[in-house]
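Here is a short briefing on one structure. Have a look at the chain first, then read the points below.

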Amino acid sequence: MSEKMAELKNDRFLRALLREPVDCTPVWMMRQAGRYLPEYRETRAQAGDFMSLCKNPKLACEVTLQPLERYDLDAAILFSDILTIPDAMGLGLYFEAGEGPRFKKILRTAEDVDALPVPDIKRDLDYVIAAVREIRSALAGRVPLIGFSGSPWTLATYMVEGGSSKDFRHIKEMMYARPEVMHALLGKLADAVTLYLNEQILAGAQAVQIFDTWGGALSGPMYREFSLAYMKRIVEGLIRENEGRRVPAILFTKNGGQWLESMADTGADALGLDWTTDIGEARRRVGDRVALQGNMDPSVLYAPAGRIRSEVAAILESFGPGNGHVFNLGHGIHQFVDPESAGVFVDAVHELSVAYHD
Ligand code: CP3
């Protein structure tokens, strides 16, 4: 880095990812900046729409910091979206109210895949890199900043289906009937994701997470061939040390609990868990090879404070004493959650976890 960065005042999150001792269990929430916060809705209205918010580094920085003003979180996550990469590859991302993400251009044929450019990150995703710089500077060492990307498989599902999907009809047809086309697409995406995450790291991201939201829609052998292999390639291509510190990599495959041993083989430092896997059992399976991140059902946040605290307590008890746990929800926080409940959750993690650390 050219400019000297402020010293990190709270490094619990980075320490836990490397299974180093901490005073209490660090916590952050997937989708912590988002629609459940009234201040987010206000900034978004100011920006116009969601993509204009992502493309404005000052406003992206503002919403990244909003949850940190409210809660005692141990990490910030870059405000952006996983679909910036397909957008930069020329697919034309847009959001239809109530329908989720859509693309103007859909990939279906070998010719479509051949014609797809690997994006020039500094040119086509400069707004993301500018946001990372802006956020690092505004954080002034308060907590570490997480960069992220979608996994090649998850990005490909949106690019081939043209948006969200329930049955993955088109991409599974491509995978089973034309596997060579599928591999060509995933290879390009793996190259793009590696370049993208490395630019985020060089701009100041202190850890990175790969979101594989849809890897769990595959059978074991298909998961290994079409999702995990490409995430491994990315992990192997990442810059692992910057500013004199290791940059941990977290892999999160939603519904991937049965494949944790294979996920640990990628060289990732930590694995994200959704709530369908028992975290204590997951810990026994992966041993000291990786840290674990998770895994409370985000719907618990609809319950009263006492119930939120008892769910937090149960997860801490299941993981047990010792190092290597980053507390999180098992997926993104829901938009209808009361912001106060998120505060109850964060405080419960810090308070109740002290007993599990020396
Ligand atoms: O965690 C954070 O706070 C960082 C921001 C972040 C967003 N999206 C902001 C966002 C992150 C890490 C993502 C990742 C993302 N985006 C994933 C992977 C994680 C996951 O949830 O499984 C996926 C699959 C997407 C694609 C995407 N973007 C979807 C399905 C949607 C929801 C569409 C809808 O209307 O519900 C988005 C939009 C989006 N990304 C929002 C936010 C805050 C809501 C947009 C809005 O303000 O209307």
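V247 touches I201, Q206, A207, V208, I239, R240, E241 and N242, leaving out residues up to four places away in sequence. Touching, or contact, means C-beta atoms, placed from the backbone, within 7 Å. The model is predicted: local features need pLDDT of at least 70, side-chain atom pairs count only at pLDDT 80 or more, and totals for chains, interfaces and linings use all residues. Residues are numbered from 1 along each chain as its sequence is written.

**V247**
- V247 sits in the loop between β7 (245-246) and β8 (249-253). Helices (H or I, at least four residues) and strands (E, at least two) are DSSP runs, numbered from the N terminus.
- V247 counts as buried because it has 23 C-beta neighbours inside 10 Å. The cut-offs are 20 or more other C-beta atoms within 10 Å for buried, 12 or fewer for exposed, and partly exposed in between.
- The C-alpha atoms of V247 and R102 are 33 Å apart.

**Helix α15**
- The buried residues of α15 are I308, V312, I315, L316 and F319.
- Those buried residues fall within an arc of 100 degrees seen down the axis of α15, so they line one face of the helix. The arc is taken from the directions from the helix axis to the C-beta atoms.
- An α-helix has 3.6 residues a turn, so residues three or four places apart point the same way.
- Cover for the buried residues of α15 includes α14 (279-286), β10 (291-296), β11 (325-329) and α16 (339-353).
- Just after α15, G320 has a positive phi of about 85 degrees.

**Helices α2 and α4**
- E39, Y40, T43 and A47 in α2 meet L59, E62, V63 and Q66 in α4.

Methods: Two residues are in contact if their C-beta atoms, placed from the backbone, lie within 7 Å.
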